Amino acid sequence: MTIPELLDGLFPAGHAVAREGDVLAGTGRASAGEVAVVGIAGGAEVGVEAALALAGELLRVVREAPGRPVLALVDTAGQRMSLRDELLGLNGYLGHLAATVELARQSGHKVVALVTGQAVSAGALALGFVADEVHALEGARLAVMALPAMARVTKIPLERLERLSAGSPVLAPGLESFVRLGAIASIWRPPLAPHLEAALARPAAPDARAALGAERGGRTLALEVSRRVASGAGALPAAPGARRVGESGPRRGGGDGR
Amino acid sequence: MSPGGPLVPRRSYREASARRRILGVLDPGSFEERLGPAERVTSPHLAALDQPVAFDDGVVVGAGTLEGRPVLAASQEGAFLGGGVGEVHGAKLAGLLAAALRDRPAAVLLLLDTGGVRLQEANAGLVAVSEVMRGVLAARAAGVPVLALVGGGWGCFGGMGIVARCCDAIAMSEEGRLGLSGPDVIEETRGVEELDASDRGLVWRTYGGKHRWLIGEADLLVEDDLDAFRAAATALLGTRRPIDLAALSSEHALLAARLAEHGGAADAAAIWGGLGVAAPAALPLLEVDEFLRAVAGARRGTR
Amino acid sequence: MERIEIELPSGRPAASGGGPVVVGVVASGNLEVLVERGGAPDRCRFEVSTSVHGFGQVWRAVLEDFAARRAVAGLAFSVNDAGATPAVVTLRLEQAAEEFLGEAG
Amino acid sequence: MSTDRAHAWDTARRDRAARLERARAVAPERWVDPERATALLEAILRPGDRVCVEGDNQKQADFLSRALARVDPARVHDLHLVASVLALPEHVELFERGIARRLDFSFSGPQGLRLAQLVAARRIEIGAIHTYLELYARYFVDLAPRVALVAALEADAEGNLYTGPNTEETPTVIEATAFKDGIVVAQVDRRVERVPRVDVPAGWVDFLTVAPRPAAIEPLFTRDPAMIGEIQVLMAMMVVKGIYAEYGVRSLNHGIGFDSAAIELILPTYGEALGLRGKICEHWAVNPHPTLIPAIERGFVRSVHAFGSELGMEAYVAARPDVFFTGRDGSLRSNRALAQTAGLYACDLFVGSTLQLDLAGNSSTATASRITGFGGAPNMGSDARGRRHATPAWLRAGREAPPGPGGIPRGRKLVVQLLETFREHMEPAFVERLDAWDLAEKLGWELPPVMIYGDDVTHVVTEEGIANLLLCRTDEERADAIRGVAGYTPVGLARSRRAVENLRDRGIVRRPADLGIDPRDATRDLLAARSVKDLVRWSGGLYDPPARFRRW
């Protein structure tokens, strides 16, 4: 689906969304009024420029269009991996982007994210995964990392990872996994406009993804663990002055960042 | 005979375990752990990969006091699976942040030591990191400061590198590193020409505390010492970075200026030179106090 | 993972010890030991989970020596091991017992 | 008896002249364009020549090695390579391409696996794996090189060489070649007006070329204190208290393991607390280990003679001439042959690690698939039977050893093997039979490559304790003593508890508790430096570690 086709489907009443590089910004017309559209397109890698542009657009919406709901379109292959982006502090730019999403939320903007193509790792985190609701188009491709790369980093043989990931929403890349984990609230199939209208109509609510993941059987522990910690249960008095706790030198382990 | 060096070794924060760090940062005897190791809430996803579990899933969370003020705190164990965030690990962090909304402590302290998402349970980890991110932002929006301490052996990378910058403030040692894509990942995907991960001088110039502090990514630069981190956490207790249009607009201006001024820099030393530091090549070797004197006035930052 | 469970006779410790204690970390070549009260008053209990297979005999020998050397009856030791050598295992068990029982143990 | 008047007594000299004549077409001057280095070698080499390629375990004549690897095998083949260290891929390439066929060497480190494969495929004939001193000695007896390819830091127009801190074995190789009518080719990093000091006079060098890149030097002796674990600290405590203090060891050599680095790092803390400053560890035959800095700064170390230098230590060494041997230019003077001799004859003690130790105390780093050879350990880890000067440590060791014939008093070198009972991945370090036997059988060698022979070893130290082999009187006792510190390895588990307790009563086996050491005190807090940055701090900023060791 091309971007114009997508926008036509979401906003049959009209839209004016400009694409500059890989960044989308503009408005669409829904039945309840104007919707601000921001997004990353074309499966682009998110670097400092894109992160800053998206944050700038969100700040503009908050400043100039109080209360206007926001639709965040996500199609990214992940963060841009380069020395330059790291030197400049790409994590800081993305943290700023996430904070602007929060500002929008706090300022009364409903924020709906829609994964339209790829959503890989950190590229998707700061825009899509901090929205009030996250949905995905049918056929969207979500992943942390491709399995061969994961095999290299974790030093677990690829065949084994492939075998284990077959039935495991926790390991297997793909939309279905993220639906079961509760990360994706629903899959949107054409006609798209009714999905969007319904999402915009729902009042914003606290993060319910852990509950959704438990309900769908994708995450069996997250909700319970989080609740137990939040309620202060399971307190263990620490040993006073614990000393000589064994440590080891730094070693290579798993992680999406290192 | 010249006494020559630090005969009494400092209590290195970097070398300490997650547990020793949290006990060392909080008031002695004040820490009450939640869902501690004896509860044995471990990762259900590791056995299939023949990976050993940890009784606390690599993160210590609970409540305590700092200079008598109630705080919630979490401490990641970088030595266990690179401090990676999995389902349980992430849920403990998310639960702690949820508790902050109710308990309204003086601050939430995040002692971060992590490579990001735990790849052994990748999808659940990614979702958990995003939940932690929302949790941090929600706590801040509710008026509870969230402070990040970065000084562990793994540094703070991946999605958790973004989480750190969603906090009100970051205290960092030079040894602690902060970034999104770590050096190994960049070398692996883009090749050694882009970044030679074995060039540790380059790695620390890029990700280390001094650079992060100079460009305004970190708020306090401290020695690699448990007491120094405790003092930093105490000093940051009152720090708030409100999530409002004014604050985010000035942050935006800072980031835009950084990109405009240093977007063409090929190395951190060039950025330091651009910031007006007289002898940028000498910075890495300076102790924190000497460093702060040498770069006085050069730091960019909104705070 | 390989699991080893074993109960061994041991001496009664002088101190009774406090709440659960954990020492060590699960990192390559290292292990964590969790000590709690548990088991019969004249025996100690070990539950080991290790990523290195085929060393059950070595574990048994290490644990037997430890239970014979240290008075740790009435205690339960749970171990998550990531390939620690017997030297490191012994050291962690000693540290764990000391931390649980205090210097008197 | 008649003399053959027609016999020529200067064939080698005439052969040398003929080669130099042939080289003139390629290299009219002694300074040769680096691009013509291969052509030069083709001109001066003949099939079957014995060639020495300088490869110390640090400095490598890497440019000339590459040039040699590019010669036409039709013109230059079946060379006999003599080299102390075979570390570069180009060295192995010589054999793969048929340029060289026979090899006499000491150490192969990183190329150990390929070397074993080539030997198995009969592409290399190995004469012998030597100790360093043994190989150098043979350069002057039956292995004098026809051509030597060496590396120096600088040379002046005339050809005087400055080898700088990493002099290592350059003078030895050149001596053996130049004075037996061989040809010496040197690669230098820089051509200068005037060298800071003349390490090799121009008259001993035939050709020089400026290498496009500085000669490769490996920081082999840098051990990051961050990687030292508690068990290594424990073993270091036992060595300091149970051996150094006990015997009053004043002169010594250390291996390059993390365990011996741990010893160096607890001298200013644990050693000082025991009141040992000025009583032990004063004179060293050792490279400038960065982990030695705190002990130097605290006044433990009075002198260091070095085999080679260590990257990053240049300024520190230059600023401590009372401790190190330095030239008039201020920089370190190292000399591998002399330091090996010093380690063999003038040191009371050697401490080193190994991969495997058998019940007789024989040690080896060879595995069935790898030919690693020996570093400096075998020379320094052997009793110098020719030694005549007495020191308290040497005499005491001699008194503990079984008496010699006729009861003549005689001392003994202390040779300490320091090893954890299990290596990484639970590989037992104690074995009934060394893998070296399998390697020798596989390759048809007469001698299994033993690094240190059991009859030279005086002490075995593990995390479990110290076995004093000097005090053992029978082979059975030695085996029991070794089993007594072999922990939970199959060798250790096969011990007789009663035999071990008997040895403990006699002080042959000593546990940490017997030495007054509580293993729980063995923490990293005892390390005077816990990071490379701490070492820089100790050095007052003079130590400049290579990038890979930085965390700043």
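A charge is taken to sit over a ring if NZ of Lys or CZ of Arg is within 6 Å of the ring centre and within 35 degrees of the ring normal. In chain D, the charged end of D:R396 meets this rule over the ring of D:Y247, 4.7 Å from its centre. D:R191 likewise has its charged end over the ring of D:W31, at 4.5 Å from the centre.

The model is predicted: local features need pLDDT of at least 70, side-chain atom pairs count only at pLDDT 80 or more, and totals for chains, interfaces and linings use all residues. Residues are numbered from 1 along each chain as its sequence is written, chains are lettered from A and ligands numbered from 1 in the order in which they are written, and side-chain values use heavy atoms, with hydrogens and water left out.

Chain A comes to 11 helices and 9 strands, where helices (H or I, at least four residues) and strands (E, at least two) are DSSP runs numbered from the N terminus. Of its 258 residues, 59% count as buried; buried means under 20% relative accessible area, exposed over 50%, and partly exposed in between (1.4 Å probe, protein chains only). Contact means heavy atoms within 4.5 Å. Among contacts in chain A between residues at least 6 apart in sequence, 66% join residues at least 24 apart.

Chain A meets chain B through 98 residues of chain A and 105 residues of chain B. Together the two chains bury about 8300 Å², with 64% of it on carbon and sulfur atoms; this buried area is the accessible area (1.4 Å probe) that two parts lose on being put together, summed over both. On the chain B side, B:L119, B:N123 and B:R134 lose the most area to chain A, together 10% of what that side buries. The interface has 4 salt bridges, a salt bridge being a side-chain nitrogen of Lys or Arg within 4 Å of a carboxyl oxygen of Asp or Glu. One of these joins B:R134 to A:D132, with the closest N and O atoms 3.9 Å apart. Helix α3 (residues 122-141) of chain B gives the most to the side that touches chain A, with 14 residues. Between chain B and chain A, 30 residue pairs are in polar contact (both at pLDDT 80 or more). A polar contact is a pair of N or O atoms within 3.5 Å; within protein, one must be able to donate a hydrogen and the other to accept it, and residues adjacent in sequence count only if both atoms are side-chain atoms.

Over all chains the structure holds 100 salt bridges. Among them is the pair of B:E15 and D:R524, at 2.1 Å from N to O. This pair crosses between chains, from the segment before α1 (18-25) of chain B to the loop between β18 (509-510) and α19 (532-538) of chain D. B:E15 counts as buried at 18% relative accessibility, and D:R524 is buried with a relative accessible area of 12%.

Within chain B, B:D56 and B:R19 form a salt bridge whose closest N and O atoms are 2.7 Å apart. B:D56 lies in the loop between β1 (32-34) and β2 (59-66) and B:R19 in helix α1, so the pair ties together parts 37 residues apart in sequence. B:D56 is buried at 9% relative accessibility, and B:R19 is buried with a relative accessible area of 14%. Another salt bridge joins B:R230 and B:D27 (2.9 Å, N to O). B:R230 is in helix α8 (residues 226-236) and B:D27 in the loop between α1 and β1, so this pair ties together parts that are 203 residues apart in sequence. Both B:R230 and B:D27 are buried. Elsewhere, salt bridges that share partners join B:R165, B:E217, B:R241, B:E251 and B:R258 into one network.

The structure also holds 10 aromatic pairs over all chains. Rings of Phe, Tyr and Trp (its six-membered ring) pair if their centres lie within 6.5 Å; planes under 30 degrees apart count as stacked, over 60 as edge-to-face and the rest as tilted. C:F46 and C:F66 are edge-to-face, 6.2 Å centre to centre with 70° between the planes. C:F46 is in strand β4 (residues 43-50) and C:F66 in helix α1 (residues 56-69) of chain C, 20 residues apart. The rings of C:F46 and C:F77 have centres 5.1 Å apart and planes at 20°, so that pair is stacked. C:F77 lies in strand β5 (residues 75-81) of chain C, 31 residues from C:F46 in sequence. C:F46 and C:F66 are buried, as is C:F77, and C:F46, C:F66 and C:F77 form one aromatic cluster.
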